[in-house]
Amino acid sequence: MQGSVEIAAPAVAASPGAPDSRLAEAWHRFAADWMAVVGLAIVTVVVLAAVFAPWVAPFDPDYQYEGLRRAGPGVEGHLLGTDEVGRDILSRLIFGGRLSLFVSVTPTVIAALIALGLGLAAGYAGGKIDQVIMRALDIFFAFPVVLLAILIAGVLGPGPRNQIIAIIFILVPYMARVVRTQVASLRNQDFVEAARATGAGPGEIIGHELLPNVIGPLIVYATILVGFMILVAAGLSFFGLGASPPASDWGYMVNSGKGSISTASHVVLMPSIMIVLVALAFNFVGDGLRTLLDPHGQGQ
Amino acid sequence: MGRVPFAGRVYRVLAGYAARRLLGAIPVLLGVSMVVFLCMQLVPGDIAKALLGPLATRESVEEFRRYLGLDRPIPEQYITWLGRALRGDLGLSFSSNMPVTELLGDRLRNSAILLGGALIIAIPLGVAVGLISAIRRETPFDHAAMGATLIAANIPTFVFGLGLVIVFAVQLKWFPVQGMTDLRGGGGRLDLLNHLVLPAVTTAIPPAAIIARMVRSAMLETMSQEYIKAARANGLPERTVTLSYALRNALPPIVTISGLQIGFLLGGAVFTEYIFAWPGVGDALYKGILARDIAVVQGAVLVVAVWFVLVNLAVDVVNLALDPRARG
C-alpha cells in the first residue's frame, strides 16, 4: 500500500524531534542498499563535475593538441586520452555532462509536472474526462518509444531544445498513467472520504490528500526514467538530432569517434562507458528510493 | 476420441478472437496514423516547402500546397493524407527523387531479415537464462546472470553495436564491419548470414536481457503458488514440477513480455542499421533525418509503428492459444 506512507506519518511525527529522526531512519534504510549508495555516489560526482566543469576539467575541452590525435589513455597527462582531433576526452566528458544531464533531467521534470496535472484530473474526475485523457494517451503506447522520439525530433529539426520536447512527448503518457492509477486507487479510501466528510473541496482534497501520496511514487518513477532518458537522449544525439558542434554531449562524442573505431577504440569507449554508468546509477538510486517508499515490496 | 472436434472448436474460438482483435486494432492504427500526421504540424515553417526540399521552385511549392490541401481545415487534410497512405502513396522523397513507398519497399524486407535474426536470438536466449536463473535462484549462476542482464538492459544499442564491432570485426576479424553482402563476389546465403551475425546479436541482447529478468520473476511467482507445493508434496519429480507445471503457467506473461520487447527491438534496430550500414528502414530513417527529408522520416516511422501494432496483435492471439483462461 503506497498510501500507508502518508497515513502512518502523523503517528511517527508525534514524538519530539521527529522530522530529523524520520530522515535519519530513511537514510539508514537507503544506506543498507549498497547498490543505491554506489548509484547516488556516481550521480553526485557526475552532477558536481558538470556544474563545476570549468574548475574540475583538467584541460580546455575544445583545444586541439597538435600531434596528439587519438592518444591513448594516460599519454601526456590526458587521463582518458585524446579524441580524433586531439581534444582531451576527460574534459570533454565533464563539459559534455552538462548537456547530457540537462537534456535528460529537464524533460523528465517537465513531463512529471504535466503528467501530474493530467493524471490527477483523470483519476479524480473519473468518467468522461478520464476516458478522453487516457484514451488519447493510449495511442502513444502503440509506438516504440525511441521511434516516437526520433519522429518528433526529426520533424522539429536537430538541437537540444527539440531533443527535450521529443523526450517530454514520450514520457508524459507513461507518467500520467502511473499518477492516474495511483489517484484512482486512493480516491475512495477512508482518509479521502474523511476529508470529504469534513467539508473539504476538490482543491483541498487534491492538494492535501491526493498529491502527497502521489508525489512519492512519481519521484521514484522519474528517477528511474532519468536513467532511461540518458540513454534515449544519447541515442538522439548519436543520430545527429541533439547537440551540434562545437557543443557536444556524450551521445555525440560516441558518434564523432565512430570514424576512428579501428585505430583508437578508446575514443568511442570512454563516452560509451560514461552513458551506461550514469544510466545505471540513476536506476540504482531509483530502486533504492522505491524500497524506501514501499518496504513491503522488498526483495522484488 | 473426441479430440478432433475439440481442436476444431479451439480453432474456431481463436479465429473469432483474432478477427475481433483485428477489428479492435483499427482504432489503434487510426490513432497511430493521426499522431504521425499531426507530428507534421510541428514542422517549423511551411510544410509544403519542407516536404519538397530546399531546391523546390516557388511555383512547385504553390502547386504542392494545393495538392496537400493546406488551405483546407486539418481534419480534411488528414483524410486526404490517410486516403493516399492507404493506397500506398506516402509522398515523394526529394533527396532520392523517388516515391517513399518504393524507397521503403526493399528496405522493409532487409529490416525483416535483421529482426527475424534478432528474434531467433533474443527470445530463446532470454527465456533460457531466465528459466535457469529461476530454477537455480540465489546460486552464483543466478547472481551473475542478473548482474549481466541489469547491465545489458542499460547499454544503448549503438554502444553495444560499436563494442561488438571493435572486438569481433576490427580486432578478431571474424565478421565484416558493415553492410549486408560483400560487394565482390558476395550475395550467397552464407555471405548474408555472415553479415547478419553482429547486427542481429546487437539488436537482440538488450531485449534478451529484459526478457530474462521478466521470465525469472514470472517463474518465481508461479513457483511460489500452492499447486506447485501440492505437486511437490505429491512426490512429482522436480523436473516435471518446474517444466510442466510452473513453466506452462508462467508462459502467458512470458509471451506478453517478449511481445513488448519487439517494440524495443524495432527501436534498437534503427540504430543497428545505422551502425552496420544495414540497408533497412532504420537506415533510410537516418538518411532522411540527415537530409531533412521529412516525407521519408514520416513514412519510415509510420511503417514501423504499423508493424509494431500488428506484432502485438499476433502476440495476443498466441497468448490466447496458450492460456485458456484468457479466452473468456
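**Close-up views of a predicted two-chain model**

**View 1. Helices α10(B) and α11(B) cross in chain B.** B:A269, B:V270, B:E273 and B:Y274 in α10(B) meet B:G282, B:D283, B:L285 and B:Y286 in α11(B). Two residues are in contact here if their C-beta atoms, placed from the backbone, lie within 7 Å. Helices (H or I, at least four residues) and strands (E, at least two) are DSSP runs, numbered from the N terminus. The model is predicted: local features need pLDDT of at least 70, side-chain atom pairs count only at pLDDT 80 or more, and totals for chains, interfaces and linings use all residues. Residues are numbered from 1 along each chain as its sequence is written, while chains are lettered from A and ligands numbered from 1 in the order in which they are written. α10(B) and α11(B) pack at an angle of about 75°, with axes 7 Å apart. That makes α10(B) roughly perpendicular to α11(B). Axes are lines fitted to C-alpha atoms, for helices over the stretch in contact, and angles run from 0 to 180 degrees between N-to-C directions. Angles under 35 degrees count as roughly parallel, over 145 as roughly antiparallel, 65 to 115 as roughly perpendicular and the rest as oblique. By class, this contact has 5 nonpolar, 1 polar and 2 charged residues. Ala, Val, Leu, Ile, Met, Phe, Trp, Tyr, Cys and Pro count as nonpolar, Asp, Glu, Lys and Arg as charged, and the others, Gly among them, as polar.

**View 2. Helix α11(B) is mostly covered.** The helix spans residues 281–290 of chain B, and 8 of its 10 residues are buried. A residue is buried if 20 or more other C-beta atoms lie within 10 Å of its own, exposed if 12 or fewer, and partly exposed in between. The buried residues are B:V281, B:G282, B:D283, B:A284, B:L285, B:Y286, B:G288 and B:I289. Their cover includes α7 of chain A, together with α5 (100–135), α10 (238–275) and α12 (294–322) of chain B. B:R292 follows α11(B) and has a positive phi, near 55°.

**View 3. Chain A meets chain B.** The contact takes 34 residues from chain A and 37 residues from chain B. On the chain A side, α7 (145–156), α10 (202–238) and α12 (266–293) each give two or more residues. The largest share of that side, 9 residues, comes from α7(A). By class, the chain A side has 25 nonpolar, 8 polar and 1 charged residues.

**View 4. A:L147 sits in the largest nonpolar core.** This core has 167 residues, and those with the most contacts inside it are A:L147, A:A149 and A:I150. A nonpolar core is a set of buried Ala, Val, Leu, Ile, Met, Phe, Trp, Tyr and Cys residues joined through C-beta atoms within 7 Å. The largest share of the core, 16 residues, comes from α10(A). Leaving aside neighbours within four places in sequence, A:L147 is in contact with B:L266, B:G267, B:V270, B:V301, B:V304 and B:A305.

**View 5. Helices α3(A) and α5(A) cross in chain A.** α3 (residues 34–51) and α5 (residues 89–125) pack at an angle of about 105°, with their axes 8 Å apart. The two helices are therefore roughly perpendicular to each other. A:V46, A:V47, A:A49 and A:A50 of α3(A) face A:I94, A:G97, A:R98 and A:L101 of α5(A) in this contact. These residues divide into 6 nonpolar, 1 polar and 1 charged.

**View 6. Two loop residues: A:R187 and B:N234.** A:R187 lies in the loop between α8 (160–186) and α9 (190–197) of chain A. With 17 other C-beta atoms within 10 Å, A:R187 is partly exposed. A:R187 touches A:G123, A:Y124 and A:V192, not counting residues up to four places away in sequence. A:R187 and A:E209 are 22 residues apart in sequence and 9.2 Å apart in space, C-alpha to C-alpha. B:N234 lies in the loop between α9 (226–233) and α10 of chain B. B:N234 counts as exposed, with 8 C-beta neighbours inside 10 Å. The C-alpha atoms of B:N234 and B:A277, 43 residues apart along the chain, are separated by 57 Å.

**View 7. Residues 1–16 of chain A have pLDDT under 50.** pLDDT is the predictor's confidence in each residue, from 0 to 100. For this stretch the model has 16 contacts beyond four places in sequence. Where pLDDT is low, the predicted coordinates should not be read in detail. Chain A averages a pLDDT of 83, and 91% of the residues score at least 70.
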